[in-house]
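I opened this notebook to record what I looked up in one chain, taking the overall build before the details. The entries follow the order in which I checked things.

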Amino acid sequence: MKYVLLIYLEETALSDTERAQCYADSAQLAQQLHSKGQYLATAPLHPVATATSVRMREGKSLVTDGPFAETREQLGGFFLIDARNLDDAIAIATQIPAAKVGTVEIRPVIEVAGLPAQS
């Protein structure tokens, strides 16, 4: 089953050096998951100041600067994995370096017929 592991943390929680190390450690985890056939994708996200939100209401678009929700912790990145079950996904989430200073939300992915397959 596919899961997305959403990584939330305060954008100022890590120094530049700590952030670089977090990215390096995350890349190493991605390599480990790839070797087990569980890796699908991962990426850090730019700061929320670069976000744009789009809403469609009554056929009209409303485009605003900034994130969808104002929260203490921001969505900082994600892993998309293939895990046997929730327990396996939890075990992987505990290895994500940012979990030490933030939160990893685990969400099962709905696989919809007709969408292109992951490669």
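What share of the contacts in the chain with a separation of 6 or more comes from residues 24 or more positions apart? I looked this up in what is a predicted model, and found that such residues account for 75% of those contacts.

Elements. I count two helices and six strands in the secondary structure of the chain, and reading from the N terminus I note the run β-α-β-β-β-β-α-β.

Extent and surface. I took the box along the principal axes, and the C-alpha atoms fill roughly 45 × 45 × 20 Å.

Charges. I find 10 positive and 14 negative side chains in the chain, and the centres of these two sets lie 5 Å apart.

The sheet. I then traced an open sheet of four strands, whose order is S2-S5-S1-S6 and whose pairing is antiparallel. Strand S2 (39-44) and strand S6 (103-108) stand at its edges, and because each has a single partner strand, one side of each is left without a neighbour in the sheet. Ignoring direction, I note that neighbouring strands of this sheet are turned by 20° against each other on average.

One pairing. Looking at S2 again, I find that five bridges join it to strand S5 (residues 74-82), and that the two run antiparallel. As a point to locate by eye, I marked Thr42, which stands opposite Phe79 in S5.

Terms used. Residues are numbered from 1 along each chain as its sequence is written. This is a predicted model: local features need pLDDT of at least 70, side-chain atom pairs count only at pLDDT 80 or more; totals for chains, interfaces and linings use all residues. Side-chain values use heavy atoms; hydrogens and water are left out. Contact means heavy atoms within 4.5 Å. Lys and Arg count as positive and Asp and Glu as negative; His and the chain ends are not counted. The place of a charge is taken as NZ of Lys, CZ of Arg, CG of Asp or CD of Glu. Two strands pair if DSSP finds at least two bridges between them. Axes are lines fitted to C-alpha atoms, for helices over the stretch in contact, and angles run from 0 to 180 degrees between N-to-C directions.
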